[in-house]
Amino acid sequence: MSSSDIFIGETIGTAVLVLLGGGVVAAVVLKGSKARNAGWPAVTFGWGFAVMTAVYTAGSLSGAHLNPAVTVGIALGNGEWDVVPFYFAGQFLGAMIGAVLVWVAYYGQFRAHLTDPETASEPAAAGPGPVLGVFSTGPEIRNVWQNLATEAIGTLVLVLAVLTQGLNEGGRGLNALGGLVVALVVVGIGLSLGGPTGYAVNPARDLGPRIVHALLPLPNKGGSDWGYAWIPVAGPLVGAAAAAGIHSLAFA
């Protein structure tokens, strides 16, 4: 697996992940969408299917990490840190591309939502407003240590599942069956642990689209909540390190 394969695979795979994952959120929250108000189960299953599609799309090229936390968890186990920058670069670029594609696909819905006086003024509570929520996560109750712990715990479950459900022959990514299992794990994390923070459990999935939200010419879009942005980055990395340690002690 070459560095170019890793970069291309992670770019394509993470773009698919964020396109389908962000797309289901847009479908549920934006005015003018046929799926509006479909609810939290639609979001969690949509993200699970997004993970499954992305893993099977990119798996043959890069092993389909699609998540810096997964990359760190695997690197802590196999020691192959030289490839980590190529994974990270593809993941963050792909996440940004996917976010832009969500904006293109839902362009009319974004404009309708943000220009209608009723929906444009929808309260954001403590979490992200509906539009930022399409791109990035945010807490329902702002408590730094709880929010950080929630992201770390959710990612611990995710990365431990990746490490125990079977890596491919090269040990750099999921095998075919593992991809399906981990997609279902993502649904489970969303249903069980997604309530407090929206379960980013992926630094690239949150930070890349947040940057896109800040740059896109969306009227009345509100801020990008940069004060919270470090939590969906730091929490998952802490969770990944904990998962790698547990795997090394209990399963290696």
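In which hand does H1 pass H4? The crossing of H1 with H4 is right-handed, a term applied where the near helix is turned clockwise from the far one, left-handed being the case where the near helix is turned anticlockwise by less than a right angle. The model is predicted, with local features requiring pLDDT of at least 70 and side-chain atom pairs counted only at pLDDT 80 or more, while totals for chains, interfaces and linings use all residues. Residues are numbered from 1 along each chain as its sequence is written, and side-chain values use heavy atoms, leaving out hydrogens and water.

Helix H1 spans residues 3-29 and helix H4 residues 84-105; helices are DSSP runs (H or I, at least four residues) numbered from the N terminus. The two axes come within 6 Å and cross at roughly 35°, where axes are lines fitted to C-alpha atoms over the stretch in contact and angles run from 0 to 180 degrees between N-to-C directions. The contact of H1 with H4 comprises 15 nonpolar, 9 polar and 1 charged residues. In this division Ala, Val, Leu, Ile, Met, Phe, Trp, Tyr, Cys and Pro count as nonpolar, Asp, Glu, Lys and Arg as charged, and the others, Gly among them, as polar.

Cavities were examined next. The structure holds 2 cavities of 30 Å³ or more, a cavity being a set of points on a 1 Å grid over the protein atoms alone where a 1.4 Å probe fits but cannot get out, with lining residues having an atom within 4 Å of a point. The largest cavity has a volume of about 50 Å³, taken as the space filled by probe spheres set on the points, which are joined across faces, edges and corners. Of its 10 lining residues, His 65, Ile 74, Asn 78, Glu 80 and Val 83 lie nearest the centre. Helix H3 (68-78) and H4 each supply at least two residues of this lining, and H3 gives the most, with 4 residues.

Gly 235 is placed in helix H11 (residues 231-250). Contacts of Gly 235 (heavy atoms within 4.5 Å) are made with Leu 148, Glu 151 and Ala 152, not counting residues up to four places away in sequence.

Definitions and conventions: 1 Å grid on protein atoms, 1.4 Å probe; cavity = no way out; pocket = protein on both sides within 12 Å on 5 of 7 lines; lining within 4 Å.
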